[in-house]
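User: I'd like to learn how to read a structure like this one. Could you walk me through a few features, starting with a single side chain?

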Amino acid sequence: ANWPFLEATATGAPPLTINDLRTVESVEDTASGRKLLPIDRRDLTDQYRDLTVTGDPCWYYLDGTNIVDVFPRGGTLRVRYFKTVPDLVSQSDTPVIPGRYQYIIVDWAVARCFADSDEPAMAQAAREEGERIMAMMRESLLGWQYDRPLQQTMFGGHLDGGMCL
């Protein structure tokens, strides 16, 4: 999920490489203060041959899995995004989950051990406890904490060479 503890911001000139990018929340051209609109790269290439044309950017797109680029190319980007979760590979690694919810990891590990030991009732009990804690985390961290309207209004640019709004 798009957990608040995974939110991050990256800034820089396009194309901007973000190594831990999972999901883009928003892209802004800090030079103009304009929030850019997402577009599929294929839609741009249907209309324009050269995506390196410079100008005031209207749209952003992903080029690969970790590069945010804009069209027309220009400006300075501020990308709000959700990070990928790093693997826990060494004893000194710490989970990104807030401390009060980290028992989820233990409960699900215990459930896996019981399942591997052919004890389905114990595995189910441990899994249910993990799910209970996950539900509490979901309610606490993903509830309506954001200031946003109940209905959304969308403003769009034009692929026919018109101005961005």
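Analyst: Happy to. Keep in mind that this is a predicted model. Let's begin with glutamate 129, which is partly exposed because its relative accessible area is 28%, between the 20% and 50% cut-offs.

User: Which residue forms a salt bridge with glutamate 129?

Analyst: The partner is arginine 132, and the closest N and O atoms are 2.6 Å apart.

User: Where else do salt bridges join residues into one network?

Analyst: Look at Glu7, Glu25 and Arg80, which are linked through shared partners. Within that group, arginine 80 and glutamate 25 have their closest N and O atoms 3.2 Å apart. Arginine 80 sits in strand S7 (residues 77-83) and glutamate 25 in strand S3, so this bridge ties together parts that are 55 residues apart in sequence. The relative accessible area of arginine 80 is 31%, which makes this residue partly exposed.

User: Which residue pairs with glutamate 28?

Analyst: That one is arginine 78, with 2.9 Å between the closest N and O atoms. Again strands S3 and S7 are involved, so the pair connects parts 50 residues apart in sequence. In the whole structure, the search finds 7 salt bridges.

User: Now a charged residue without a bridge. Is aspartate 29 buried or exposed?

Analyst: Aspartate 29 is buried and has no salt bridge. Its nearest side chain of opposite charge is arginine 34, 5.3 Å away, whereas a salt bridge needs the atoms within 4 Å. The aspartate 29 side chain does make a polar contact of 3.0 Å with the side chain of serine 32. You will find aspartate 29 in strand S3 (residues 21-29).

User: How do I read empty space?

Analyst: The general idea is that rolling a probe the size of a water molecule over the atoms shows where empty space is left. In this model, the second largest pocket holds about 260 Å³. Its lining has 15 residues, and Phe5, Val85, Val96, Ile97 and Ile105 lie nearest the centre.

User: What kinds of residues make up the lining of the second largest pocket?

Analyst: They divide into 14 nonpolar, no polar and 1 charged. Helix H2 gives the most to this lining, with 3 residues.

Technical notes. Residues numbered from 1 in each chain as written. Predicted model: local features only at pLDDT ≥ 70, side-chain atom pairs only at ≥ 80, totals over all residues. Heavy atoms only, no water. 1 Å grid on protein atoms, 1.4 Å probe; cavity = no way out; pocket = protein on both sides within 12 Å on 5 of 7 lines; lining within 4 Å. Points joined across faces, edges and corners; volume = space filled by probe spheres on them. Helix = DSSP H or I, 4+ residues; strand = E, 2+ residues; numbered from the N terminus. Nonpolar A, V, L, I, M, F, W, Y, C, P; charged D, E, K, R; others polar. Buried < 20%, exposed > 50% of the residue type's maximum accessible area, 1.4 Å probe, protein only. Lys, Arg positive; Asp, Glu negative; His and termini not counted. Polar contact = N/O pair within 3.5 Å; in protein donor to acceptor, adjacent residues only side chain to side chain.
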